[in-house]
Amino acid sequence: NVPLPGGSSRFDYQSLDTGRNRLYLSHLAAGEVLVFDVAHRRVSGTIAGLPGVHGVVVAPRIGRVYAAATDRRELVTIDERSGHIVRGIPAGVYPDGIAYDPADGKVFVSDESGSAVIVADALSGRARGAIEVGGGTGNVQYDPTSGHVLVNVQTSNELVEIDPRRQRVLARYGLPGCESSHGLHLDPARRLAFIACEGNARLLVFDLKTKRITQSFTVGDDPDVLDFDPGLRRLYVAAESGQVAVFAENGRGLRKLAQAFLADHAHSVAVDPRTHLVYFPLEDVDGRPVMRILRPTGH
């Protein structure tokens, strides 16, 4: 357990810059992004002025960090080197998840309480419009294999595929058996999407080739953030209930390895693909916030 600054209050998404050994962590209740040095296991900086920050994504090649300042209803673009804010733009009613598209130089923000995905220029942070998807959105991911953007529409339990260049919806895929499709992560190499259903504690495996659900598993109540280790081929599903589920990828499917209680509100997870270490920011361990770092074992 590595101590974190600030009070014992809620954290949210994380994003890793492996080249700089920086893990960006949104401290939602403090309105700031913490910069966690994974090499030295300490906080090396803080980016303030981000009230209610939820989503955070780093784009190392262009030196940008993006944060959803939800309480201000903005997408904020940050210069990674200096930590200074470049620009903030309106991003719907409740900006949440963020995806970076390096091919088209755009950033996509999900509006959980609205009905659109907001688009910004990746370098300048300037607004590039919005894509109507017909309901409140969960997380959003860029698929480098297809060059498309995928977003959960949690109010209609659909996975929506977007053409980022033309900024239009290409297809909608129903997710039967899912209530409030929120969490989303991809394995682009094996053409799989992993979808966490917040309302009924399910994890779906969606085949991006056939556009069908191939598997469904139980996970902890209120699943939220997912992360995938491509080297070990392990998927981690963190839940608001504090339960963490771990899956091994076999072929083009999953096998559940374990599920256990980690800590209260252990709903955010990040994995370092080089070391395979897994990071959980915990808001209250004996009265203080900590970053809990775990090493995977077994097969």
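User: How do the residues of the lining of the largest pocket divide into nonpolar, polar and charged?

Analyst: This is a predicted model, in which local features need pLDDT of at least 70, side-chain atom pairs count only at pLDDT 80 or more, and totals for chains, interfaces and linings use all residues. Residues are numbered from 1 along each chain as its sequence is written, and side-chain values use heavy atoms, with hydrogens and water left out. The lining of the largest pocket holds 28 nonpolar, eight polar and five charged residues. Here Ala, Val, Leu, Ile, Met, Phe, Trp, Tyr, Cys and Pro count as nonpolar, Asp, Glu, Lys and Arg as charged, and the others, Gly among them, as polar.

User: What makes a space a pocket, and which residues lie closest to the centre of the largest pocket?

Analyst: On a 1 Å grid over the protein atoms alone, a pocket is an open set of points where a 1.4 Å probe fits, with protein on both sides within 12 Å along at least five of seven lines; a lining residue has an atom within 4 Å of a point. The largest pocket has about 1300 Å³ of space. Of its 41 lining residues, S15, L16, Q141, H185 and D227 are the closest to the centre. Strand β6 (53-59) is among the elements that give two or more residues to this lining, and β6 gives the most, with five. A strand is a DSSP run (E, at least two residues), numbered from the N terminus.

User: Why is the link of C178 and C197 called a disulfide?

Analyst: A disulfide is a pair of cysteine sulfur atoms within 2.5 Å. The S to S distance between C178 and C197 is 2.1 Å, so the pair meets the definition. The structure holds one disulfide. With -120° about the S-S bond, the link of C178 and C197 is left-handed. Both cysteines are buried, that is, under 20% relative accessible area with a 1.4 Å probe, protein chains only.

User: How do you know that F194 and F228 form a tilted pair?

Analyst: Rings of Phe, Tyr and Trp (its six-membered ring) pair if their centres lie within 6.5 Å; planes under 30 degrees apart count as stacked, over 60 as edge-to-face and the rest as tilted. For F194 and F228 the centres are 5.8 Å apart and the planes 40° apart, so this is an aromatic pair, and a tilted one. F194 lies in strand β19 and F228 in strand β22, so the pair ties together parts that are 34 residues apart in sequence. Both F194 and F228 are buried.

Conventions. Helices (H or I, at least four residues) and strands (E, at least two) are DSSP runs, numbered from the N terminus. Buried means under 20% relative accessible area, exposed over 50%, partly exposed in between (1.4 Å probe, protein chains only). Grid points are joined across faces, edges and corners, and a volume is the space filled by probe spheres set on the points.
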